[in-house]
Amino acid sequence: MRSLRLALPGESLSVLFIGAHSDDIEIGAGGTILSLIDSGVKLNALWCVLSSGGQRAYEARASAEAFLKGADKSTIELADFDDSYFPTQNRSIKQKLIDIRARFNPDVIFTHSREDSHQDHREVNQLTWNVFRDHLIFEYEIPKWDGDLGPRNAYFPLTASQADKKASLLLEHFGTQRSKDWFDAETFLGLSRLRGMECRAPERHAEAFTLRKASF
């Protein structure tokens with residue numbers, strides 16, 4: 001399978017990462033972030049978490065800084081919209097995304113999946129597509145009890161060390177989530193191994209996304 005690169009080593013790439021909750025970006029695209037930085041791409045990242053209050057805000061910022069270490073430039077923005085009630089706050093969330101669009105024009109956007117069962121995640125997806133109508137958008141996946149993981153059509157292969165580092169950073173920075181039965185290295189590495197199998201990744205791990213529109 002021929003690989004298509006977002007940017008070559010030494011080239012600049014501006015990326016907007018959007019997550020509903022404080023660990024979403026890392027779970028969905030953390031390995032890809034590590035891979036881009038490791039490859040030598042000059043990453044200019046705007047990292048936006050829309051719901052992160054109290055201890056979760058501290059975790060979100062510390063984790064973002066760890067994943068973005070080595071980026072050429074990064075900005076971390078934490079909002080405090082009410083967790084689990086995004087559909088009733090869509091006007092304010094849309095305005096937040098419009099404000100971002102006015103000052104940051106990304107080459108690529110990573111956001112939630114349209115088919116995600118979580119109401120906050122679906123709302124973020126719909127608003128991302130509504131606000132950013134002329135951008136390349138990758139939709140990432142979040143494993144959870146809903147069982148809504150499905151087929152994907154875009155893959156970012158990871159090295160084994162990048163997959164391990166992603167899992168380790170998640171467990172290190174999100175202490176509030178460790179009590180959840182699915183929040184462990186086995187879940188993260190198991191999913192990346194399956195996605196790596198699907199795309200025949202050289203080191204057997206990958207992250208998978210939905211790419212709905214692209215121009216080549």
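1. Where is R200 found? R200 is found in the loop between α6 and β7 (205-211), where helices (H or I, at least four residues) and strands (E, at least two) are DSSP runs numbered from the N terminus. At 76% relative accessibility R200 counts as exposed, given that buried means under 20% relative accessible area, exposed over 50%, and partly exposed in between (1.4 Å probe, protein chains only). R200 has a positive phi of about 55° although it is not a glycine. The loop between α6 and β7 also holds R204, and the phi of R204, likewise a residue other than glycine, has a positive value near 75°.

2. A word on the basis of this note: this is a predicted model, in which local features need pLDDT of at least 70 and side-chain atom pairs count only at pLDDT 80 or more, while totals for chains, interfaces and linings use all residues. Residues are numbered from 1 along each chain as its sequence is written, and side-chain values use heavy atoms, with hydrogens and water left out.

3. The next points concern helix packing. Two packed helices are described by the angle between their axes and the distance between the axes. Helix α5 (residues 160-173) and helix α6 (residues 185-199) pack at an angle of about 150°, with their axes 9 Å apart; axes are lines fitted to C-alpha atoms, for helices over the stretch in contact, and angles run from 0 to 180 degrees between N-to-C directions. The two helices α5 and α6 are therefore roughly antiparallel to each other, since angles under 35 degrees count as roughly parallel, over 145 as roughly antiparallel, 65 to 115 as roughly perpendicular and the rest as oblique.

4. The crossing of α5 and α6 is right-handed (a crossing is left-handed if the near helix is turned anticlockwise from the far one by less than a right angle, and right-handed if clockwise). On the α5 side the contact is made by A163, D164, A167, L170 and L171, and on the α6 side by A185, F188, L189 and S192, where contact means heavy atoms within 4.5 Å. By class, this contact of α5 with α6 has 7 nonpolar, 1 polar and 1 charged residues; Ala, Val, Leu, Ile, Met, Phe, Trp, Tyr, Cys and Pro count as nonpolar, Asp, Glu, Lys and Arg as charged, and the others, Gly among them, as polar.

5. Helix α5 also packs with α2: their axes come within 9 Å and cross at roughly 155°, and that makes α2 roughly antiparallel to α5. In this right-handed crossing, E59, A62, S63, A66 and F67 of α2 meet K166, L169, L170 and H173 of α5, giving a contact with 5 nonpolar, 2 polar and 2 charged residues. L169, placed in helix α5, counts as buried at 10% relative accessibility. Once its neighbours within four places in sequence are left aside, L169 is in contact with A66 and F67; L169 and A66 are 103 residues apart in sequence and 7.5 Å apart in space, C-alpha to C-alpha.

6. Helix α3 (residues 90-103) and helix α4 (residues 119-131) pack at an angle of about 45°, with their axes 10 Å apart, and are therefore oblique to each other. Their crossing is right-handed, and the contact is made by N90, I93, K94, L97, I98 and R101 of α3 together with E123, L127, T128, N130 and V131 of α4. By class, the contact of α3 with α4 has 5 nonpolar, 3 polar and 3 charged residues.

7. I25 is found in helix α1 and counts as buried, at 1% relative accessibility. I25 and H112 are 87 residues apart in sequence and 8.6 Å apart in space, C-alpha to C-alpha.
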